[in-house]
Amino acid sequence: MEPSWDGVQHDEERRVWETVLRPAAAELAERAKEIAAVANVHTSARLPELLASAEALEVNRSSTEASIRDFAAVLMDGADPAGTADLPAATLAYARDGAQHGVELTTLMRSYRLAHAATARCFSEILDAHASNADDRKLAAELGSAWMFAYVDAALCQAEQVYTAERDRWSRSAAASQVETITTILAGQPIDTDVATRRLRHEVRRWHVAAIAWLDTHEEGKNTQSILEAAIRDIASAVGNQNPLLYPLGILSVAAWVSSHSEIPSKVLDELRIRTTAAPGVRVAIGEPGRGLAGLRSSYVEAHEAQRIARLAQRPVGTVTRYQAIALRAIATVDTEQSRTFVRRELGRLGETDETTRRVAETLRVFLDENCSRGRTAKRLHIHENTVAYRIRQAEELLGRPVDKRTLELRAALALADLVVDRTESTPSAVPGLGEHTTRLGSTLPTY
């Protein structure tokens, strides 16, 4: 097989391509996920405002991985990097998403260059490992760098064209007007009710329940928006409204408001489930019902807090987290570090994470929930009353005090323990969803 790129002309260059560059490209493709993670760390350290959320980090990682694989395929084929087919569809989608959410082109271009710098270092190490002598290593490095530079140059031009076209199209679209209107409402800025209704094509005087659907990971080739909207349709159908107001938050998340002419019963919200098989991997968080513009905003803020707690608690896929059920934990974990200190001081040794201690703590939590009734606790946990009594004695020994002392603080600490113990990640800031629009699109290809 002969390389078709005119940057490889001589026999010696072709030999090095065959013996060093092609095997290195195969390893690059095999290790794309690992290298993308390294590039992610490199980029986020230098553009923290761009990659400030878990979603932005995942989008950055997955899109970089796709582009690494694409470049590796070009190199293995010996193809002309400037004349190859379009970039991966997901990569171009991220550029369009950045244009829609106001990511500056200069910021986007810098993120590409940062990702390329990290990828190039990793690729250089791979080349070194495949070269058998210093001369081959030097020539392979020169050819590999030239190949990557040409690929990146073509890719950047294409990404910039897609970004510019999408920015121009978006600025003239009805969707842009909707996003601007919703952003104004969520920011608490004044807006006329009739004007908002007309721009949104959605009656804002009704009762609203906000929902946020999200995915934790991005799989290339999957239509994430379709999956997320399927989950939202499930929620809307259960409430009795087939036309929710959608508000895309990024590649991996979407918000929506399900509205009703009358107040939505609490029981309906408690029983919400994601029933469709068209929404694999999705989780949903919902706020409490609110009326009018103020209700639209307050329910969204609550849904975002419910999402934060669902992530902290590592709720399983397919679950719906309602704000009412986690309100205390949301309020108590605004400052995660302070909450962690509180839990450690209140629980002491009862806060240890080994299985036995966790079982004792869970028994005590249920015991307090059941107003210190050993019988009801035993029934709820499906254990014997004597076992309950034994574990409560163990809890008191670990606490160093009776369980009927400081019960309010004790119950709060037990409720928060699983959220804050052994977790170091920071939590999102208040009035979410506004500034996040500028942190959704990370690096999508390795660049200079």
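Which residues of α14 are buried? The model is predicted, so local features require pLDDT of at least 70 and side-chain atom pairs count only at pLDDT 80 or more, while totals for chains, interfaces and linings use all residues. Residues are numbered from 1 along each chain as its sequence is written, and side-chain values use heavy atoms, with hydrogens and water left out.

In α14, the buried residues are Thr 357, Val 360, Ala 361, Thr 363, Leu 364, Val 366, Phe 367 and Leu 368. Buried means under 20% relative accessible area, exposed over 50%, and partly exposed in between (1.4 Å probe, protein chains only). Helices (H or I, at least four residues) and strands (E, at least two) are DSSP runs, numbered from the N terminus. An α-helix has 3.6 residues a turn, so residues three or four places apart point the same way. The buried residues of α14 pack against α15 (374-381), α16 (385-399) and α17 (407-420). Contact here means heavy atoms within 4.5 Å.

Helix α14 (residues 355-369) holds 15 residues, and its end C-alpha atoms lie 21 Å apart. This agrees with the 21 Å that the helix should span at 1.5 Å a residue. The expected span is 1.5 Å times one less than the number of residues. Asn 371 follows α14 and has a positive phi, near 55°.

Helix α7 (residues 174-186) has 13 residues. Its first and last C-alpha atoms are 19 Å apart, close to the expected 18 Å. Ala 176, Val 179, Thr 181, Ile 182, Thr 184, Ile 185 and Leu 186 are the buried residues of α7. Their cover includes α6, α8 (193-200), β2 (245-250), β3 (253-260) and α11 (292-312). Gly 188 follows α7, with a positive phi near 75°.

Strand β3 is itself mostly covered, with eight of its eight residues buried. In a regular strand the side chains alternate between the two faces of the sheet. Both faces of β3 are covered. Ser 253, Ala 255, Trp 257 and Ser 259 are buried on one side, and Val 254, Ala 256, Val 258 and Ser 260 on the other. Strand β1 (residues 207-214) pairs with β3 in the antiparallel sense over eight bridges. Two strands pair if DSSP finds at least two bridges between them. Val 209 stands opposite Val 258 in β3. The pairing of β2 with β3 is also antiparallel, over five bridges. Gly 250 stands opposite Ser 253. A hairpin is formed by β2 and β3, with two residues between them.

A search of the whole structure finds five aromatic pairs. Trp 5 and Trp 147 form a tilted pair, 4.7 Å centre to centre with 45° between the planes. This pair links distant parts of the chain, 142 residues apart: Trp 5 lies in the segment before α1 (11-30), and Trp 147 in helix α6 (residues 134-171). Rings of Phe, Tyr and Trp (its six-membered ring) pair if their centres lie within 6.5 Å; planes under 30 degrees apart count as stacked, over 60 as edge-to-face and the rest as tilted. Trp 5 counts as buried at 10% relative accessibility, and Trp 147 is buried at 0%. Ring pairs also link Phe 71, Phe 123 and Tyr 151 into a cluster.

No disulfides are found in the whole structure, a disulfide being a pair of cysteine sulfur atoms within 2.5 Å. Cys 157 is partly exposed, with a relative accessible area of 39%. Cys 372 is partly exposed at 42%.
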